[in-house]
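My entries follow, in the order I checked things.

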Amino acid sequence: MITIFKMKLYRTRHGFLAETGGQFLPVQSPSWDALITRADIGHHLTRLLQNASPVEAPDPADLLAPIESQEVWAAGVTYFRSRDARVQESKGAGGGDFYDRVYTAQRPELFFKATPHRVVGHNGKVAIRDDASWSVPEPELVLLVSPGGTITGYTIGNDMSSRDIEGENPLYLPQAKVYDRSCALGPCLMVSNEALPASTEIQLEILRGGKLEFSGATSLKELKRDPAELVQYLYRNNSFPRGCFLFTGTGVVPPDSFTLKMDDEIRITIPPIGTLTNVVGSSSP
């Protein structure tokens, strides 16, 4: 009989915390890597928390991105809405057909997204490129994958994207996707040995001047690719000694008339995990 394990982990400025049964417990580990790279993370946490005493909930201002030395990768065109948006933005460059083919192909689109220093956490400032005129957030479910290729946890991700740059030419994808503070993860890592149900929602809200500028939602039932299949392709002829994070694609895309502006607040909610909040800041550190 398999025991279902589910627990939230927080990486904070003052140490590591686990949330379980309505309580927060301190987690003693030499490093975040040593904690989250284990394939048996559930059993490991159970042992570590046997004699732990409850503490106060973490201050949101103290939360850090749940990443230490992992690479961040992403899958694209995994939802029909994303496929439709990519086709439209690239039509003028003759690249629209590429995205349609990827959506129906057996092999998924996978691309490198970020190194840890390019990632911000909950309440951190994400950036839009200085040379972009059309920038959007992409709300996504993110997988934590062990060095051996096992999905051991989930978090919320914001895949910041420059749609005009990618639309100009699909070969510009790395510039549209990979730059400082182009990626956000958090607020926690939900460790689980059970796949999230297809009914799981992903919700996006963008506030401008305190007022709702855009909102949208999708659910995992709209995800065309099986997360395990995405991982299997990513790990082909590729090694991740510290594991990795894998964005699974977006099904929420603001209208073509929308672009992010400085000080916009981005809220992404996946109910089993929580809400990741970021504000758009300057592209300079």
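I counted the aromatic pairs in this predicted model, and the count comes to six.

I began with Trp73 and Phe112, whose ring centres are 5.8 Å apart. Their planes stand at 85 degrees, so I noted the pair as edge-to-face, since over 60 degrees counts as such.

Next I asked where in the chain Trp73 and Phe112 sit. Trp73 belongs to strand β4 (residues 71–76) and Phe112 to strand β5 (residues 109–114). The two are 39 residues apart, so my note says that the pair links distant parts of the chain.

Phe112 has a relative accessible area of 29%, so I put it down as partly exposed.

Then I turned to Tyr235 and Phe240, another aromatic pair. I read 4.8 Å from centre to centre and 40 degrees between the planes, which makes this pair tilted. I looked up burial here too: Tyr235 is buried, with a relative accessible area of 15%, and Phe240 is also buried, at 3% relative accessibility.

My last entry is about a charge over a ring. I found Arg236 over the face of Tyr233, at 4.0 Å from the ring centre.

Conventions:
Residues numbered from 1 in each chain as written. Predicted model: local features only at pLDDT ≥ 70, side-chain atom pairs only at ≥ 80, totals over all residues. Heavy atoms only, no water. Phe/Tyr/Trp six-rings, centres within 6.5 Å; stacked < 30°, edge-to-face > 60°. Helix = DSSP H or I, 4+ residues; strand = E, 2+ residues; numbered from the N terminus. Buried < 20%, exposed > 50% of the residue type's maximum accessible area, 1.4 Å probe, protein only. Lys NZ or Arg CZ within 6 Å of the ring centre and 35° of its normal.
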